[in-house]
Amino acid sequence: RAVVKEMLLQFAAMLESLAVKPKVTFINGQGTLPPTTSSWHNELHPSRDGFKIFAGIFHREIKKLYPSRVA
C-alpha cells in the first residue's frame, strides 16, 4: 500500500504541474474515499456510493469554473 500511495502522490504532483497551463484543470480526488471494501468495488473502481461522492466533487469544481453554465 505504501508504494502505491507514493506512486499516486507523484502522479498527482505531475498532473498538478500540468494544471498551471491554460485550459487544464486538475481535480484531485486522492484521499476522498477511505481504503475500505465498502468504498471500493475493487482496487480501481469506487462503489456506487463512491462514484456519487466523486460526482459531487466534480460538479462543485466544474461549477466554480463555469458558474453561469452549471446548475
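Serine 39, S39, is buried, at a relative accessible area of 10%. That value, like the others I will give, comes from a predicted model. As for where S39 sits, look at the loop that runs between α1, residues 2-18, and α2, residues 48-65. Leaving aside residues up to four places away in sequence, S39 touches L33, P34, P46, S47 and G50.

One of those contacts is S47, so let me take that residue next. S47 also belongs to the loop between α1 and α2. Is S47 buried or exposed? Its relative accessible area is 15%, and because buried means under 20%, S47 counts as buried. With residues up to four places away in sequence again left out, S47 touches S38, S39, W40 and H41. For S38 there is a distance to report: its backbone oxygen lies 3.2 Å from a polar atom of the S47 side chain.

Now to helix α2, and to E61, which lies in it. Which side chain does the side chain of E61 meet in a polar contact? That of K64, at 3.2 Å.

In sequence, 55 residues separate E61 from E6. In space, the separation is 25 Å, taken C-alpha to C-alpha.

Notes: Residues are numbered from 1 along each chain as its sequence is written. This is a predicted model: local features need pLDDT of at least 70, side-chain atom pairs count only at pLDDT 80 or more; totals for chains, interfaces and linings use all residues. Side-chain values use heavy atoms; hydrogens and water are left out. Helices (H or I, at least four residues) and strands (E, at least two) are DSSP runs, numbered from the N terminus. Buried means under 20% relative accessible area, exposed over 50%, partly exposed in between (1.4 Å probe, protein chains only). Contact means heavy atoms within 4.5 Å. A polar contact is a pair of N or O atoms within 3.5 Å; within protein, one must be able to donate a hydrogen and the other to accept it, and residues adjacent in sequence count only if both atoms are side-chain atoms.
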